[in-house]
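Trainee: I would like to learn how to read a few features of a protein model. Could we take them one at a time?

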Amino acid sequence: MEMTSVSELQSFRLVSSDNPGCGDSPYDEKHPLNIDDVVELMESFVTHLGLSRFLLVGGSMGGLVALLYAERNLNKIAGFVNVEGNLAPEDCMFSRHVISNSYSHFEKVVFPEMKKALSAKTGRGFAQHSRVLEKANPHAYYDYAFQTVEYSDHGNLLNRFLSLPVPRCFLYGSRNRHRSYLQRLLESECTVIEIPNADHFLFFDEPNCYAAALASFARNSCFCQQENPRETTVFARNQTS
């Protein structure tokens with residue numbers, strides 16, 4: 001189910017893009033990109049569309065991209081929703097399996113094994129993500145993994161997320177209550193929302209609950225002063241970690 005069809009978000013303008021090598025977006029393998037490059041592309045995308053004062057939403061690896069973007073563009077951000085985005089080393093559930101391999105071995109062995117393992121997992125979210133990976137460029141997946149792990153291991157991401165001077169929300173699936181930093185988030189000023197019956201790809205698992213949580217946070221924390229909520233922009237980033 002696409003977010004545009006969910007009734008809770010009908011009053012919002014939704015804007016999203018595919019990272020290079022994801023979805024229908026091409027990837028130039030002769031000019032590899034890393035996470036910092038994707039952040040710069042995101043800045044160009046936002047500038048090109050003339051977006052301002054929007055709620056930034058980033059899931060999985062996209063949560064890392066969104067956090068780095070938010071730090072550099074606080075004047076544009078009305079709030080930030082982290083949807084199980086990378087905040088600690090434990091969040092590199094996929095990318096850590098990538099970086100110890102040569103690209104050739106990753107492409108021929110590791111990537112196919114990852115897709116096979118995902119398709120074997122139970123739950124709508126993993127099944128949908130396995131279909132997403134069928135369209136992904138393996139070179140892009142490989143290139144993004146290295147900085148994803150580096151930031152997650154050494155980037156102090158949790159503190160940086162909690163230090164953002166804008167309304168913050170952390171969304172997570174109920175099957176991931178084991179996250180080591182969840183208690184710290186609950187004790188902070190960050191809004192924390194659990195999506196029931198959901199795993200990492202909670203926007204696929206429970207799209208209606210996910211959309212309702214986004215809409216509630218946007219209205220209550222980010223745009224409560226705005227007279228016409230249809231002018232609100234929600235910029236969504238959802239990729240893999």
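Predicted model: local features only at pLDDT ≥ 70, side-chain atom pairs only at ≥ 80, totals over all residues.

Trainee: How many aromatic pairs does the count come to?

Mentor: Rings of Phe, Tyr and Trp (its six-membered ring) pair if their centres lie within 6.5 Å; planes under 30 degrees apart are stacked, over 60 edge-to-face, and the rest tilted. By this rule there are 17 aromatic pairs. One of them joins tyrosine 142 and phenylalanine 146, edge-to-face, at 5.0 Å centre to centre with 75° between the planes.

Trainee: Where do tyrosine 142 and phenylalanine 146 lie?

Mentor: Helices are DSSP runs (H or I, at least four residues), numbered from the N terminus. An α-helix has 3.6 residues a turn, so residues three or four places apart point the same way. Here both residues lie in helix H5 (residues 138–154), four residues apart, about one turn of the helix.

Trainee: Is tyrosine 142 buried or exposed?

Mentor: Buried means under 20% relative accessible area, exposed over 50%, and partly exposed in between (1.4 Å probe, protein chains only). Tyrosine 142 is at 11% and therefore counts as buried, while phenylalanine 146, at 35%, is partly exposed. Of the 17 residues in H5, 13 are buried.

Trainee: What is the span of H5 from its first C-alpha to its last?

Mentor: The expected span of a helix is 1.5 Å times one less than its number of residues. H5 reaches 25 Å, close to the 24 Å expected.

Trainee: Where is the kink in H5 centred?

Mentor: The bend at a residue is the angle between axes fitted to the seven residues ending there and the seven starting there. In H5 a kink of about 25° is centred on alanine 145. Just after the helix, asparagine 156 takes a positive phi of about 55°.

Trainee: How many disulfides does a search of the whole structure find?

Mentor: A disulfide is a pair of cysteine sulfur atoms within 2.5 Å. The search finds zero.

Conventions. Residues numbered from 1 in each chain as written. Heavy atoms only, no water. Helix = DSSP H or I, 4+ residues; strand = E, 2+ residues; numbered from the N terminus.
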